[in-house]
Amino acid sequence: MLQESIAVKDVSPFHISTPSELLETPKEYQDLVKRQLTAHAEGELSGADDYVKLFYFLTNDPYEKAVCCELAKDELDHYQRAADILLDIGINTSFMLSQNLNDRAFYATEAVKSCRNWAERALISTLVEDAVIDVLEEMAQSSYRPIADMCPHVLKDEKLHVGHGFRITRSMCKTKNGFKQIQEALIRMWPVTLDTFGRSDSPRSELYVKYGLRQKSYSVARNEFAEKARRKLEALGLHVPDDTANRKFL
């Protein structure tokens, strides 16, 4: 069996193609796959709720309301793709569909759940969803083939979501009042975005890399994202907060 032939210290790189093969891997690897996929499934479902239960009511523009519905549909599709992979390995996530947004444990961020205005909505797509793209690009190289196969379609949609959020952000920055709203929202949303990458001292950070489920530690991924996002925001004339300011965890 694979578990007997591969020592834990030698697991990276290796490639698992099917649920039956997954059952023959070290339990530690199986647990990481399940946790990563469950977190992803919940995050996508929460994203759908964000669009139709929060963002939808922050605008009176019928076009923007329609976009919220369309993007929520994308997020539900992303959830279903992850849910199907989990079901293949014996985990049923259908209970998530009846959960309240505040009942979900993964990626719990009060700032997102309590999005207060359209500027914050714009930055959630511009920043938080862009951070998710960075994570998904790592997952697209996953050592567990079903995860890798899931990611290209999801990435294509998420890039459109980020693009739409950035267009709102850029448009608002063209007016004095809009720029002020975005700058104020950025103070709140920048630390939320950086916290999306997880705790730098999390033991799972290195384990995901060791097993080929991610390619970078949480801290490396966060720092690379922050540098890229900072350049994009500063090009709009915005002042980006210090990376350590108002962080929930480092």
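The bend at a residue is the angle between axes fitted to the seven residues ending there and the seven starting there. By this definition, helix H6 bends by about 30° at isoleucine 124. The model is predicted, so that local features need pLDDT of at least 70 and side-chain atom pairs count only at pLDDT 80 or more, while totals for chains, interfaces and linings use all residues. Residues are numbered from 1 along each chain as its sequence is written, and side-chain values use heavy atoms, with hydrogens and water left out.

**Helix H6**

- Helices (H or I, at least four residues) are DSSP runs, numbered from the N terminus, and H6 covers residues 118-139.
- The 22 residues of H6 should span 32 Å at 1.5 Å a residue, and the 30 Å between its end C-alpha atoms agrees with this; the expected span is 1.5 Å times one less than the number of residues.
- H6 is mostly covered, with 20 of its 22 residues buried (buried means under 20% relative accessible area, exposed over 50%, and partly exposed in between, with a 1.4 Å probe and protein chains only).

- Two packed helices are described by the angle between their axes and the distance between the axes.
- Axes are lines fitted to C-alpha atoms, for helices over the stretch in contact, and angles run from 0 to 180 degrees between N-to-C directions.
- H6 packs against helix H7 (residues 145-172) at an angle of about 155°, with the axes 8 Å apart.
- H6 is therefore roughly antiparallel to H7, a term for angles over 145 degrees.
- The H6 and H7 crossing is left-handed, meaning that the near helix is turned anticlockwise from the far one by less than a right angle.
- Residues of the contact of H6 with H7 comprise 17 nonpolar, 6 polar and 6 charged (Ala, Val, Leu, Ile, Met, Phe, Trp, Tyr, Cys and Pro count as nonpolar, Asp, Glu, Lys and Arg as charged, and the others, Gly among them, as polar).
- Helix H3 (residues 27-54) crosses H6 at roughly 160°, and their axes come within 13 Å.
- H3 is thus roughly antiparallel to H6, and the crossing of H3 with H6 is left-handed.

**Individual residues**

- Tyrosine 218 lies in helix H10 and is buried, with a relative accessible area of 9%.
- The C-alpha atoms of tyrosine 218 and aspartate 195 are separated by 9.7 Å, and the two residues are 23 residues apart along the chain.
- Asparagine 246 is in the segment after helix H10 (218-234) and counts as exposed at 62% relative accessibility.
- Asparagine 246 has a positive phi of about 60°, although it is not a glycine.
- Most residues other than glycine have a negative phi.

Conventions: Helix = DSSP H or I, 4+ residues; strand = E, 2+ residues; numbered from the N terminus. Parallel < 35°, antiparallel > 145°, perpendicular 65-115°, else oblique.
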